[in-house]
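Here are some exercises to work through with a protein model on your screen. Try each task yourself before you read its solution.

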Amino acid sequence: MASLFTARIQLLLLQAMGFLIGLIGQAARAFGGPKFVSMTTPPVTEPLLLLSGVQLAKLIRQRKVKCIDVVQAYINRIVDVNPLINGIVKYRFEAAKEEAHAVDKKLAEKQEDDATLEKKWPLLGVPLTVKEAFQLQGMPNSSGLVNRRNTISKTDATVVAFLKEAGAIPLGMTNCSELCMWYESSNKIYGRSNNPYDLRHIVGGSSGGEGCTLAAACSVIGVGSDIGGSIRMPAFFNGIFGHKPSPGVVSNKGQFPMARGAQELFQCTGPMCRYAEDLAPMLRVMAGPGIRKLRLDEKVHLKDLKFYWMEHDGGSFLMSKVDQDLILAQRKVVDHLENILGASVQHVKLKQMKYSFQLWVTMMTEKGHDGKEPVKFVDLLSDHGKPVNPLWELIKWCLGLSVHTIPVIGLALLEGKFKYNNEKYQKFKAMEESLHKELVEMLGDDGVFLYPSHPTVAPKHHVPLTRPFNFAYTGIFSALGLPVTQCPLGLNAKGLPLGIQVVAGPFNDHLTLAVAQYMEKSFGGWVCPGKL
């Protein structure tokens with residue numbers, strides 16, 4: 001009885017913390033940032049921008065389209081649209097044009113057939129954008145931390161190197177939240193990114209610049225990273241596809257901050273894109289030798305899959321209720337799978353999902369095999385500078401003098417409060433293991449789980465400060481180490497993207513990617529912003 005009382009007190013304290021942070025958020029909404037009327041980015045008029053990466057690569061290989069024309073079309077779009085969304089924070093236009101000319105010259109000189117070229121360079125000439133947290137030679141690598149504003153990459157992150165070797169051409173670096181630890185992409189170096197479907201709304205985080213850049217047709221494929229939903233939330237809020245692979249498949253080397261110890265296993269680098277058919281080719285390239293852990297060549301018979309679904313987490317005190325728009329969109333999917341596809345679909349109630357935030361915290365505070373504690377967030381804030389005192393930073397922020405954003409100051413202040421005593425830790429660790437076992441046994445090698453990507457559609461700027469725990473809808477699957485693909489499901493009545501997470505058992509990424517392609521075919525996939 002005493003432990004139940006203590007648990008309820010802790011929940012009330014977490015709610016109180018959220019409320020206090022929320023007050024700051026409301027003030028920020030009232031006084032901070034540019035004011036927009038309801039508006040979207042302009043629609044796409046250039047046909048080359050409406051082709052998938054796979055289609056572009058094929059046309060370039062077959063010499064039906066010049067690479068320089070593709071790259072220039074994207075540059076023109078970026079120049080027109082990026083001032084509105086602030087998705088790309090560092091351009092690489094001249095180098096990209098040089099590389100495009102080199103591709104055209106290579107194709108003019110060598111008469112290799114399409115199959116040979118595809119094997120050598122599966123992404124030949126395809127425009128690419130990269131989250132600024134990753135190393136790209138000659139480009140900044142600050143992760144929005146002012147102390148690192150002059151950090152220039154001398155080499156490429158492993159995944160970036162693989163993508164370049166496959167023929168992709170980087171156009172620039174995209175914005176992220178400060179230190180990649182918040183679900184609105186804003187920092188004191190580059191400012192805030194805006195949603196192309198309504199500039200007054202967030203793009204998500206931490207790969208939010210990537211999400212809005214892709215959604216606005218300023219790029220076709222992109223690189224993101226995810227330890228709590230940082231690929232999937234931006235993909236959801238911006239109406240595109242994003243895949244968090246099974247842990248250990250794609251290298252995380254060459255990004256900042258880099259998870260250490262027990263958390264390293266749960267940090268995942270993955271593809272983000274507008275078109276579902278680009279997910280698997282990107283993942284093959286990004287994984288390198290790690291692709292052997294997956295079965296991407298295995299044919300998936302969708303009708304034979306077992307589909308499971310839940311419409312919400314069961315009623316956590318900490319999270320918002322799921323929007324009715326999202327519940328209806330999910331049920332539309334369920335009805336389609338049942339009545340059109342003819343698949344087995346079962347509604348489930350996983351009671352421990354209600355503790356998603358607590359289970360994510362358990363993962364993030366877990367000690368490494370060597371017994372060492374995880375790296376403290378406040379220590380990451382001190383990178384390239386003096387130690388940071390969070391309370392003093394809060395005072396400075398109130399006076400407009402801090403170089404840090406309020407979410408990271410709040411996290412630095414509260415991170416000690418989120419650490420459980422041994423009894424609580426053991427309780428939630430056992431719960432995490434139990435939920436993992438339940439899900440893995442339920443899904444097997446032929447099942448997928450449909451679950452909301454977030455409780456709400458993309459909120460307005462600063463609103464996440466009033467709902468700090470909502471990210472747990474994605475964070476739970478990071479804690480469980482399962483592969484997940486976020487799939488767009490059209491727009492709601494206000495023109496904001498809807499979507500759903502498709503989850504599979506460990507190393508069954510091929511199932512979620514196959515379902516993503518089916519979802520795109522059945523529900524339309526990405527919708528161009530500003531389209532009448």
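**Before you start.** This is a predicted model, in which local features need pLDDT of at least 70 and side-chain atom pairs count only at pLDDT 80 or more, while totals for chains, interfaces and linings use all residues. Residues are numbered from 1 along each chain as its sequence is written, and side-chain values use heavy atoms, with hydrogens and water left out.

**Exercise 1.** Find how many salt bridges the whole structure holds, then look at the one between Arg-92 and Glu-99.

*Solution.* Start with the rule: a salt bridge is a side-chain nitrogen of Lys or Arg within 4 Å of a carboxyl oxygen of Asp or Glu. A search of the whole structure with this rule gives 19 salt bridges. Next, go to Arg-92 and Glu-99, whose side chains meet with N to O at 2.4 Å. Now check their surroundings, using relative accessible area (buried is under 20%, exposed over 50%, partly exposed in between; 1.4 Å probe, protein chains only). Arg-92 has 11% relative accessibility, so Arg-92 counts as buried. Glu-99 has 26%, so Glu-99 counts as partly exposed.

**Exercise 2.** Work out where Lys-396 and Glu-393 lie, and how they are linked.

*Solution.* First locate helix 13, residues 390-398, which holds both Lys-396 and Glu-393. (Helices, H or I with at least four residues, and strands, E with at least two, are DSSP runs numbered from the N terminus.) The two residues are three apart, about one turn of the helix. Then look at the side chains: they form a salt bridge, with the closest N and O atoms 3.1 Å apart. Finally, Glu-393 counts as buried because its relative accessibility is 7%.

**Exercise 3.** Describe the largest nonpolar core and follow the contacts of Met-353.

*Solution.* Begin with the meaning: a nonpolar core is a set of buried Ala, Val, Leu, Ile, Met, Phe, Trp, Tyr and Cys residues joined through side-chain atoms within 4.5 Å. The largest such core has 157 residues, and those with the most contacts inside it include Phe-307, Met-353 and Phe-477. Helix 3 (residues 67-85) gives the largest share of this core, ten residues. Now take Met-353, counting a contact as heavy atoms within 4.5 Å. Leaving aside neighbours within four places in sequence, Met-353 touches several residues, among them Met-310, Leu-435, Phe-449 and Phe-477.
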